[in-house]
Structure formats: structure tokens, C-alpha cells
Amino acid sequence: VKEIRPVGTIEEAFGLRNTIADSILVGERDGKKCEGFDYGNSPSQIENIDFNEKTVIHTTSSGTQGIVNAVNAEEIITGSLVNAKAISKYIKNRGIEDVSLVAMGLDSKAPIEEDTLCALYIKSLLEDNSMDLTEAIEGLKLTSGAKFFKKEMQNVFPKKDFELCTQVDKFDFVIRLVKDENGMDYMERVDVK
């Protein structure tokens with residue numbers, strides 16, 4: 001993508017879409033695609049879509065809420081299991097000593113196992129400790145990840161999403177929040193060596 005613009009509300013997303021050419025609305029509430037949006041938050045449903053030179057306007061029940069509400073953070077990078085090692089390297093390469101790992105949880109209100117697992121894994125990497133995730137990821141299938149394996153939930157939580165989101169350390173980049181020339185937030189990709 002050209003850039004990702006995180007927003008807190010559905011209304012903000014529609015308003016921003018009117019000001020940015022070639023923009024695409026991506027977002028969810030309670031896991032379901034927001035009405036009138038181009039896509040939900042399902043990675044399997046967009047993995048073969050060409051977003052080249054498009055601006056993605058993104059809103060979610062948890063992740064983007066954390067981004068737009070972290071007004072006092074010096075720097076914000078997003079993270080998941082798929083880029084955890086890159087996150088650790090990015091932090092270490094920059095010599096950052098004061099790090100807050102914020103597991104956004106369910107609707108930014110309650111802890112959820114997959115977010116906690118990701119934060120613990122990143123913490124282990126930052127502390128140069130090893131952590132085998134195989135058993136923990138299998139355990140997710142019985143807790144918060146169980147929804148991905150229920151037949152009646154496949155239209156909202158496809159099984160393939162679970163598989164895509166648990167590909168540990170697949171990507172070697174982080175996504176960092178920066179400001180444009182007008183002071184508006186957007187996310188940019190930063191490759192990590």
C-alpha cells in the first residue's frame with residue numbers, strides 16, 4: 001500500500017475517504033466488516049488484492065483504537081506474531097530502553113489470549129530469551145482462537161485467518177506511525193535488517 005491511515009471511528013473513515021483519492025476502507029466492529037466498507041479486517045479475504053499505490057483507511061475495534069488514543073507515546077509501532085522478531089530487532093537497533101508492550105485485547109477492554117501471547121513473545125525476544133510458541137498457538141485453538149474453527153463462524157472468522165496470523169516471524173518489517181506534512185497520522189513500513 002501507499003500508506004495506512006488509522007482512525008478511531010467509522011465516521012472518521014468515511015470523512016477521510018472523501019479527501020483522499022484512491023483510498024480503500026478496511027475495518028471491522030466485533031469482527032464483522034463495517035457496513036459500506038470495501039473490506040473487513042480478515043487477512044485471508046484480502047491476501048490476493050492489489051493495494052499498490054492505494055491509501056488504506058483502517059479502523060478496528062481494538063488495534064486502531066490503541067493507536068489513535070496513545071497521544072503521549074513518543075513512537076508507536078504495531079505488531080503481531082508475524083513480525084515479532086522484526087519488532088524486537090527494530091527496538092534493539094534503535095537503542096530504545098523504555099518500551100511499553102500494549103496488548104489491546106478484546107474491544108480494548110479485556111485481555112485476550114492471542115494478544116497476550118504476542119506481547120510475551122516480543123518481551124522474550126527483547127530479553128534474549130527463547131520461547132517455543134508451538135504449544136501456545138495450539139492452545140489458542142481452544143480459547144480465543146476457537147471461533148476460527150467453528151463452521152458457523154467462517155464468514156466472519158475464516159480458519160485461514162488463524163493460519164495466516166500465526167505464521168511466526170514471517171515478515172521482516174515493522175509498521176510505524178508517523179505524521180504527514182499536515183500533522184495527520186499515517187502508518188509506514190520500515191524494513192528491519
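Me: Are F148 and F157 buried or exposed?

Reply: Both F148 and F157 are buried, where buried means under 20% relative accessible area, exposed over 50% and partly exposed in between, with a 1.4 Å probe and protein chains only. The model is predicted, with local features needing pLDDT of at least 70 and side-chain atom pairs counting only at pLDDT 80 or more, whereas totals for chains, interfaces and linings use all residues. Residues are numbered from 1 along each chain as its sequence is written, and side-chain values use heavy atoms, leaving out hydrogens and water.

Me: How many aromatic pairs are there by the ring rule?

Reply: A pair of aromatic rings is described by the distance of the centres and the angle of the planes. Rings of Phe, Tyr and Trp (its six-membered ring) pair if their centres lie within 6.5 Å, and planes under 30 degrees apart count as stacked, over 60 as edge-to-face and the rest as tilted. By this rule the count is six aromatic pairs. In one of them, the ring centres of Y39 and F51 are 5.7 Å apart and the planes are at 70°, so the pair is edge-to-face. Y39 lies in the loop between β3 (32-33) and α2 (43-46) and F51 in the loop between α2 and β4 (55-59), so this pair ties together parts that are twelve residues apart in sequence; helices (H or I, at least four residues) and strands (E, at least two) are DSSP runs, numbered from the N terminus. Y39 is partly exposed, at a relative accessible area of 23%, whereas F51 is buried, at 11%.

Me: Which residues do ring pairs link into a cluster with F148?

Reply: Ring pairs link F148 with F149, F157 and F162 in a cluster. K147 lies over the face of F157, at 4.9 Å from the ring centre, given that a charge sits over a ring if NZ of Lys or CZ of Arg is within 6 Å of the ring centre and within 35 degrees of the ring normal. Likewise, R189 has its charged end over the ring of F173, 4.1 Å from the centre.

Me: Which residues of helix α4 are buried?

Reply: An α-helix has 3.6 residues a turn, so residues three or four places apart point the same way. In helix α4 (residues 84-93), the buried residues are A84, A86, I87, S88, Y90 and I91. These buried residues pack against β5 (77-78), α5 (113-126), β6 (173-179) and β7 (185-191), contact meaning heavy atoms within 4.5 Å.
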